Amino acid sequence: MILFFRYWQGAGLPLRLIVLLAGFCMPGVSVAVNSEEALQLSGFASFGMGKSSRDDMPFLNHTENWSFRSDTIVGGQAQYKFSNRWSSTIQVVARGFTFDENDKFDPVLEWLFTSYQLSAETRIRVGRMRTPLYLFSDSLEVGYAYPWVRPPVDIYSYLRSPLANFDGMDFSTNVDLGEADLDVQVFAGVGGGTYIDFDIELCPAFGVNVVSRWDNLTLRYGYTAADTDAASESLTAFAANYDSLASLYPIFRDIRDSHETKGELFEYHSTGFQWDYESWTVIGEAYLTNGPGKDFSSDSHGGYVSFSKQIQDFAPYIVFGYYKNEFSDEITSLIEASKVLVPVGFNSDLDELREANLVIVDNFNEKGRSYTVGVRYDFHQNMDFKIEVEYLDSNAQLTRTTESNSKEDTVLLSMVIDVVF
Amino acid sequence: MLNIAQMPLAKKITFSVMLCFISFSCCADVSVIVHPSSKIESLTTKQIKKLFLGRLRMLPNSNREAVVVDQGSDSLPHKRMYSELVRMTPTNLKRYRAAYLFSGKGRLPITVAGDDQVKDFVAGSLSAIGYIDAASVDDRVKSVYLLTID
């Protein structure tokens, strides 16, 4: 299986393109009753503005000046029904801000799949789909679908944005349990993307997602495992400084190589619930990521809980979030071990390199908290307005994109208008 | 406490008339309807809830993907259907539908105005399932579930 996916990755773009095209062309079988019913077009958008209390901690690119791009998203979707059982969906999303090269509203293909309904409860999909990492994975960009300006950042970490989609297939079924029922989804495919200058490849990624519903309570557990390659251009260049010593002392080659991750298993566990009780909605999620514990990897965990209450068209909410990222100590241990072989003071360039390296590595040890207060106002049949204040307390250089590893705090004010059409 | 048995006759009549008036004006029963040739004879509350939330995509006992027919959210049958049978508030329903639509799970219901249009649609499609005021049911459609007043 893994070999197959490796081959797939090796085949690169052409093969993945063919699978995606197959996702749209497979059922040339029969045409639905009439074209008006067969094709359904829809769209969504969020127009956001926000500002942060500090220029030196540009969270999501929000600074002390009002930014109109960071939370602004436009998406369009077409669903085509070929027959009673076959249908295809395409969704394209353009974002004002991303952590890869697709900001400035470049259209990105988020969904492109064909689904076949095997029975009333069961279906198979092939193409590009959303990786079920969270409770709101399927509607990550659709602000109208959730209570907040954006999904809680402690869980919906931007670090995992390259994992958002996969190209492959899934199988899902609904199991009746009397009063309750279970939606079970199993999936496999390949994925990847860019986060700042990290290139991340998942090959393969596979997992299971179980959602149970009982009256107004939803419970979810998801497990995703991914054979992962990760490398950063700047870190690789930095680690190349050890090259001149690598032939004399193999430990420096090990240090250099530890700045990348190749074919390591990462596991993502996540769980969540939503409880709608009269006018109250309580939502909570938690996750645990297990890396390989070596090379360039980390273990992390986090969670949030959100309370909101519907008062006519208004829904005030509060959210508490927390996360912690613990970086593998392999590089640190290797550097310390190298000091036995080449003691401090022997070569000042090497001493500087090792010290700089320890600081860089420590920057990946992060933790953060967030407290959010806001209100959603449904002012129109298919539109809402939200305003929120978020207090972020963290030393997170990566996920919060702060400038330093010291413990800092920021206050972020955001407003957004969400539309579905 | 109201004790109807102890009421004088005139009051009893007035009271009963009032009750009828109340039940007709604000709380008419709602029937869930399908095409008269459909093999479905009756549906459970849970099946209907899942069909109207798009979580059961095919009509039971059929080879057909369900085409769910909704009425406007201000209409009485809609309010009764979603508040008492599906048990979802209007705001939660709107959010649920947005998430459902854009997660590629399926299609949203087709919305038409009034019982007559629901009947027209359902009478013309073996895949359709809709709901109307129980008093509007006629032989062009088949009632497979009756949502009654408690």
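**Entry 1: ground rules**

Helices (H or I, at least four residues) and strands (E, at least two) are DSSP runs, numbered from the N terminus. I am looking at a predicted model, where local features need pLDDT of at least 70 and side-chain atom pairs count only at pLDDT 80 or more, while totals for chains, interfaces and linings use all residues. Residues are numbered from 1 along each chain as its sequence is written, chains are lettered from A and ligands numbered from 1 in the order in which they are written, and side-chain values use heavy atoms, with hydrogens and water left out.

**Entry 2: where the chains meet**

I began with contacts (heavy atoms within 4.5 Å). On the chain B side I get 29 residues in contact with 52 residues of chain A. Next I looked up the buried area, meaning the accessible area (1.4 Å probe) that two parts lose on being put together, summed over both. Chains B and A bury about 3300 Å² between them, and 41% of that is on carbon and sulfur atoms. Which three residues supply more of chain B's buried area than any other three? I noted Arg95(B), Phe102(B) and Arg107(B), with 25% of the area that chain B buries against chain A.

Then came polar contacts, which are pairs of N or O atoms within 3.5 Å; within protein, one must be able to donate a hydrogen and the other to accept it, and residues adjacent in sequence count only if both atoms are side-chain atoms. Across this interface the rule finds 18 residue pairs in polar contact, both residues at pLDDT 80 or more. Two elements of chain B give two or more residues to the side touching chain A: helix 2 (45-52) and helix 4 (90-102). Helix 4 of chain B gives the largest share, eight residues.

I also sorted that side by class: Ala, Val, Leu, Ile, Met, Phe, Trp, Tyr, Cys and Pro count as nonpolar, Asp, Glu, Lys and Arg as charged, and the others, Gly among them, as polar. The side of chain B that touches chain A has nine nonpolar, eight polar and twelve charged residues.

**Entry 3: salt bridges**

Side chains of opposite charge can pair when their charged atoms come close. My rule for a salt bridge is a side-chain nitrogen of Lys or Arg within 4 Å of a carboxyl oxygen of Asp or Glu. How many are there between chain B and chain A? I count eight salt bridges there, and one pairs Asp215(A) with Arg87(B), their closest N and O atoms being 3.2 Å apart.

Searching the whole structure, I get 36 salt bridges over all chains. Within chain A, Arg95(A) forms one with Glu110(A), with the closest N and O atoms 2.6 Å apart. Arg95(A) is in strand 3 of chain A and Glu110(A) in strand 4, so this pair ties together parts that are 15 residues apart in sequence.

**Entry 4: empty space inside**

Rolling a probe the size of a water molecule over the atoms shows where empty space is left. On a 1 Å grid over the protein atoms alone, a cavity is a set of points where a 1.4 Å probe fits but cannot get out, and lining residues have an atom within 4 Å of a point. Grid points are joined across faces, edges and corners, and a volume is the space filled by probe spheres set on the points. I count five cavities of 30 Å³ or more.

The largest cavity has a volume of about 420 Å³. Of its 24 lining residues, Leu159(A), Ile200(A), Phe266(A), Tyr268(A) and Ser298(A) are the closest to its centre. Strand 13 of chain A gives the most to this lining, three residues. By class, I find 14 nonpolar, eight polar and two charged residues in the lining of the largest cavity.

The second largest cavity holds about 150 Å³. Its lining has 19 residues, and the closest to its centre are Ser87(A), Ser115(A), Arg123(A), Glu65(B) and Gly106(B). Strand 4 of chain A supplies the largest share of this lining, four residues.

Most residues other than glycine have a negative phi, and most peptide bonds are trans. I found a cis peptide bond joining Cys203(A) and Pro204(A), with omega about 0 degrees. Pro204(A) sits in strand 8 of chain A. Asp295(A) is not a glycine, yet it has a positive phi of about 50 degrees. I place Asp295(A) in the loop between strand 11 and strand 12 of chain A.

How values were computed. On a 1 Å grid over the protein atoms alone, a cavity is a set of points where a 1.4 Å probe fits but cannot get out, and a pocket is an open set with protein on both sides within 12 Å along at least five of seven lines; lining residues have an atom within 4 Å of a point.
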